[in-house]
Amino acid sequence: MKIKMIATDMDGTLLDSKKNMPEGFFDWVSEHKDVKFVIASGRQYYALKRDFVPIHDRLIYIAENGALIFQHDEIIHCDEMPREAVLYCLDLIDKMPYAKAVPCGANSAYIENPTDHEWEVCTMFCGRLEKTDNVRKAIENDRIVKIAIYYDAEDAEMHTGEFASLPNHIISVLSGVSWIDISTDTVNKGEAMKVIQKKYDIDSKYCMAFGDYFNDVELLEACGESYCMESGHPDVFKHAKYIAPSNDDNGVMRVLNNGMYEY
C-alpha cells in the first residue's frame with residue numbers, strides 16, 4: 001500500500017535526546033516528493049520553521065499541538081482559546097509557584113519576568129518569544145491558542161490533577177516531562193491531521209504517523225499506519241499499530257528507510 005502522507009512529532013520522536021535531527025532526514029523528504037510530510041509538534045511554528053530551512057517549502061506544520069496549521073508561511077487553520085478562559089488559566093497558574101505560564105499565540109509566545117533558565121528553555125521551543133512585565137497586557141492583540149506550562153523540576157506528570165476543573169471546553173494534556181499544555185477541547189494533533197487529510201482528499205489508511213507521548217495519541221489514531229517510539233511513554237503504546245526503534249536509535253529514519261513497514 002502506497003503511503004501518501006507522513007506526520008511525525010519532534011521531541012522524543014524525530015529528534016534524539018540531545019535534540020539532534022536524524023542524519024538523512026532532509027534528503028529523504030526532498031527525494032520523496034510524492035509523499036506529503038507533516039511536522040506535528042507542541043512547539044511554536046516559528047521554532048519549527050527555523051529547524052527545517054532546507055526543506056521548508058516541502059512541509060506542512062501542525063504547531064501548538066494542533067491549534068495552528070501552517071503551510072508556505074500561511075495559517076490554514078487556527079483554533080483560538082476564548083479570552084476569558086485564557087485569563088482564568090493565567091490566574092490559576094499564578095497560584096502555582098513551581099509552574100511558569102507561556103501563553104502561545106498566532107503571532108508570538110509570551111513569558112512574564114522569566115529566570116535566565118526559563119528563558120533559555122522556552123526559546124528552544126519558541127522562535128518568537130516576548131519577555132514582558134505584564135503578560136495579560138502583552139497578549140491583548142494576539143490570538144492565544146495554547147498556554148504551555150513549564151515545570152523546571154521535570155515533574156509535570158504529578159501536577160496534572162491540578163487542572164481537573166478548567167472552564168468548559170478547555171482541557172489540559174501532559175506533553176512532556178516538563179510540560180503541561182492547556183487549549184480548547186477541539187485541539188489535538190489528530191484533529192489537525194484530519195483537516196489536512198480533508199484538504200488533500202487523502203484517506204487515513206494512506207497516512208503514517210510517529211509519536212511518543214500523550215499529545216500524540218490522537219495523531220497516531222488518525223493514521224492507518226502508526227508508530228510509537230520504543231522510548232515513548234508505555235501508556236501510549238496501545239494507541240499505535242507498531243513500535244518503532246527509540247528516538248536515540250534513529251527510529252523514524254529506520255522505519256522510513258525500511259520501506260515503511262513494521263521493524
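**Helix, sheet and pocket**

Helix 7 (residues 189-200) lies across strand 1 (5-8), strand 2, strand 3, strand 4 (68-71), strand 5 and strand 12 (207-211), and runs at about 150° to strand 3. Contact means heavy atoms within 4.5 Å; axes are lines fitted to C-alpha atoms, for helices over the stretch in contact, with angles from 0 to 180 degrees between N-to-C directions. Helices (H or I, at least four residues) and strands (E, at least two) are DSSP runs numbered from the N terminus. The model is predicted: local features need pLDDT of at least 70 and side-chain atom pairs pLDDT 80 or more, whereas totals for chains, interfaces and linings use all residues. Residues are numbered from 1 along each chain as its sequence is written, and side-chain values use heavy atoms, without hydrogens and water.

An open sheet of eight strands has the order 5-4-3-2-1-12-13-14, with mixed pairing; a pair requires at least two DSSP bridges. Strand 5 (74-78) and strand 14 (242-244) are at the edges with a single partner strand each, so one side of each has no neighbour in the sheet. Within the sheet, strand 2 (residues 36-40) and strand 3 (residues 59-63) are parallel over four bridges, and Ile39 stands opposite Tyr61 in strand 3.

The largest pocket is lined by 37 residues, with Asp11, Lys19, Phe125, Gly176 and Trp179 nearest its centre. A pocket is an open set of points on a 1 Å grid over the protein atoms alone, where a 1.4 Å probe fits, with protein on both sides within 12 Å along at least five of seven lines; lining residues have an atom within 4 Å of a point.
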